[in-house]
Amino acid sequence: MALSTKHLLGIKDLQKEDIELILHTALQFKEVLQRPVKKVPSLRDITIVNLFYENSTRTRISFELAEKRLSADTINFTVSGSSAAKGETLLDTVNNILSMKVDMVVMRHSASGAPHFLSKHIPAAIINAGDGINEHPTQALLDAFSMTEKFGSLKGLKVAIIGDIMHSRVALSNIYLLNKMGAEIMLAGPPTLIPPYIKEAFGVKVTYNLNEALHWCDVANVLRIQLERQNQPLFSSLREYNLSYGIHRNTLEKLGKKIVIMHPGPINRGVELDSDVADGPFSIILHQVENGVAVRMAALYLLSTPNA
Ligand code: CP
């Protein structure tokens with residue numbers, strides 16, 4: 001089995017069968033990661049550059065660990081300390097790195113479409129590790145893996161995506177993926193953080209009432225409020241956001257059913273999630289992070305060996 005695509009630029013470009021193949025392969029790598037020796041030789045002699053033009057903790061470490069578990073050689077690029085800080089273009093930087101016999105590129109960039117641009121100009125396979133407010137495909141895949149682990153299937157699963165939909169590449173990748181896999185989606189948050197076109201464009205439910213979303217869903221995927229992407233205030237204060245849209249432990253306990261709480265991280269504690277929810281029995285946040293390594297191993301493996 002092989003992926004239908006040479007790059008992983010977004011969930012938008014994947015077939016349902018591609019998603020199933022990545023999740024199935026990730027399950028096998030998760031089994032590898034439970035062994036005392038967590039390393040396999042699958043990517044021996046493959047060299048991968050992790051090109052991070054924007055800050056990251058989970059995604060960067062997760063990719064690096066996935067590459068090491070697959071026995072790839074890795075190099076890490078961050079803007080600070082590089083010649084990008086002197087004005088070198090993205091294409092010049094990447095072509096210089098590729099001339100040193102690098103085979104694959106994992107890339108995060110603050111500009112939406114940066115990995116798509118790069119894919120038209122270089123021969124190496126590219127994995128998008130988050131581009132601006134566009135997509136974060138491996139986050140959606142690890143979210144899907146985590147939900148499948150918990151519920152067995154995504155088909156018919158009711159997933160509420162809550163918070164800053166407007167600025168969230170995680171939201172968009174999740175919407176593409178959940179639609180392709182037959183889940184039901186409800187977006188919830190303040191009207192200023194939910195683009196008006198999204199309901200019709202993606203056939204999702206929209207509510208501005210948090211309680212409606214929580215009563216409806218099996219899973220609440222809670223998003224970070226991205227203040228750094230807001231040019232002007234889109235709600236009155238963080239305190240008021242927490243009162244209206246923050247997830248509180250007592251609200252969950254009053255629902256009369258158990259729902260699963262997810263968050264891609266980093267968390268604004270006390271804003272979109274209270275600490276006793278983030279760290280409490282409803283949360284699978286650290287399982288998501290754990291699953292990210294197996295999912296990224298699967299993506300790297302399948303893209304490096306097109307006929308795997
Ligand atoms: N979920 C996520 O992308 O986290 P980082 O920004 O820390 O990589």
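Trainee: How far is a nitrogen atom of the ligand from an N or O atom in the side chain of Q139?

Mentor: This is a predicted model: local features need pLDDT of at least 70, side-chain atom pairs count only at pLDDT 80 or more, and totals for chains, interfaces and linings use all residues. Residues are numbered from 1 along each chain as its sequence is written, and side-chain values use heavy atoms, leaving out hydrogens and water. A polar contact is a pair of N or O atoms within 3.5 Å; within protein, one must be able to donate a hydrogen and the other to accept it, and residues adjacent in sequence count only if both atoms are side-chain atoms. For Q139 and the ligand nitrogen, the distance is 3.1 Å.

Trainee: Which residue places a backbone N or O atom 2.8 Å from a nitrogen atom of the ligand?

Mentor: R108 uses a polar side-chain atom, 2.9 Å from a ligand oxygen. The residues around the ligand (a heavy atom within 4 Å) include R108, H136, Q139 and P264. The backbone atom at 2.8 Å belongs to P264.

Trainee: How much of the ligand does the protein bury?

Mentor: Areas come from the Shrake-Rupley method with a 1.4 Å probe. Taken alone, the ligand exposes 250 Å². Of that, the protein buries 91%.

Trainee: What kind of aromatic pair do F29 and Y301 form?

Mentor: Rings of Phe, Tyr and Trp (its six-membered ring) pair if their centres lie within 6.5 Å; planes under 30 degrees apart are stacked, over 60 edge-to-face, the rest tilted. Here the centres are 5.6 Å apart and the planes stand at 80 degrees. The pair is edge-to-face.

Trainee: How far apart in sequence are the parts that this pair ties together?

Mentor: Helices (H or I, at least four residues) and strands (E, at least two) are DSSP runs, numbered from the N terminus. F29 lies in helix 1 and Y301 in helix 12, so the pair bridges a separation of 272 residues.
F29 is buried at 8% relative accessibility; buried means under 20%, exposed over 50%, partly exposed in between (1.4 Å probe, protein chains only).
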